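Dear colleague, please find below a short note on the structure displayed here. The points are numbered so that each can be checked against the model in turn.

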Amino acid sequence: MPVKYSVIARKNPLKKDQPAKFYAQIQSNGEEDFKSMTRAVADRCTVTGSDAKAVLDAFMTVMLQRLANGQIVRLTDLGSFRVSASSKGVETEKDFNAAKISKARIIFTPCKELKDMCKSLSFAKTNVIVGGNGDGDIVDDPTA
């Protein structure tokens, strides 16, 4: 099944005087929550949904601890997670301290299988209106 997209106009914030250009915006096709994912995992193997949930809950706890310790969490069949940070630049190394770090985030690098899946996707344009928050939610287009 092709991934649906809409086309939206975006201005370059660095070149505000130039006209907007049109770009694809992927449209989500629903959402899967933790409970439905654990049920789907249980349907594919010998564990129950509650067993899958227990393992994933415990895994999340351990992953949080490892990332907070500065370790990379590498899952061969999924990808890797690592902590990254943004900071303000200073003139000399001596002038730098932890207060210059403004934001931490988690970087996910997908495994080869996920990267290959992205290469093989097909796309189909859809008639949608993108919600005002730009999060890619599909909203029926009353003019379609």
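1. A contact means heavy atoms within 4.5 Å. Among contacts in the protein between residues at least 6 apart in sequence, 37% join residues at least 24 apart.

2. On the basis of the note: this is a predicted model, in which local features need pLDDT of at least 70 and side-chain atom pairs count only at pLDDT 80 or more, while totals for chains, interfaces and linings use all residues. Residues are numbered from 1 along each chain as its sequence is written, and side-chain values use heavy atoms, with hydrogens and water left out.

3. Overall composition. The protein has three helices and six strands; helices (H or I, at least four residues) and strands (E, at least two) are DSSP runs, numbered from the N terminus. Along the sequence, these elements follow the pattern β-β-α-α-β-β-β-α-β.

4. Surface and burial. The protein exposes about 11,700 Å², of which carbon and sulfur atoms supply 55%; accessible areas come from the Shrake-Rupley method with a 1.4 Å probe, and for residues only the protein chains shown count as cover. Of the 144 residues, 12% count as buried. Here buried means under 20% relative accessible area, exposed means over 50%, and partly exposed lies in between (1.4 Å probe, protein chains only).

5. The sheet 3-4-5. Three strands form an open sheet in the order 3-4-5, with antiparallel pairing; two strands pair if DSSP finds at least two bridges between them. Strand 3 (73–75) and strand 5 (101–110) stand at the edges with a single partner strand each, so one side of each has no neighbour in the sheet. From one strand to the next, the twist averages 25 degrees. For angles, axes are lines fitted to C-alpha atoms, for helices over the stretch in contact, and angles run from 0 to 180 degrees between N-to-C directions.

6. Details of that sheet. Strand 4 (residues 79–87) and strand 5 run antiparallel and are joined by nine bridges. Ser87 stands opposite Ile101 in strand 5. Helix 2 lies across strand 3, strand 4 and strand 5, and runs at about 135 degrees to strand 3.

7. The sheet 2-1-6. A further open sheet of three strands has the order 2-1-6, with mixed pairing. Its edges are strand 2 (21–26) and strand 6; each has a single partner strand, so one side of each is left without a neighbour in the sheet. On average, neighbouring strands of this sheet are turned by 45 degrees against each other, direction ignored. Strand 1 (residues 3–10) pairs with strand 2 in the antiparallel sense over six bridges. Within this pairing, Ser6 stands opposite Gln25 in strand 2.

8. Salt bridges in general. Side chains of opposite charge can pair when their charged atoms come close. The term salt bridge is used for a side-chain nitrogen of Lys or Arg within 4 Å of a carboxyl oxygen of Asp or Glu. How many salt bridges does the structure hold? There are three salt bridges.

9. The side chains of Asp57 and Lys53 meet at 2.8 Å, N to O. Because Asp57 and Lys53 are four residues apart in helix 2 (residues 49–68), about one helical turn separates them. Asp57 is partly exposed at 33% relative accessibility, and Lys53 is partly exposed at 37%.

10. Lys112, Asp116 and Lys119 are linked in a network of salt bridges. Lys112 and Asp116 meet at 2.7 Å, N to O; because they are four residues apart in helix 3 (residues 112–119), they are separated by about one helical turn. Lys119 and Asp116 meet at 3.9 Å, N to O, and lie three residues apart in helix 3, about one turn of the helix.

11. A nonpolar surface patch. Ile26, Met117, Leu121 and Phe123 form a nonpolar patch on the surface, with about 350 Å² of accessible area together. Patches are made of residues with over 30% relative accessible area and no salt bridge; like charges are joined within 9 Å, and nonpolar side chains (Val, Leu, Ile, Met, Phe, Trp, Tyr) within 5 Å. Phe123 lies in strand 6 (residues 123–125) and, at 47% relative accessibility, counts as partly exposed.
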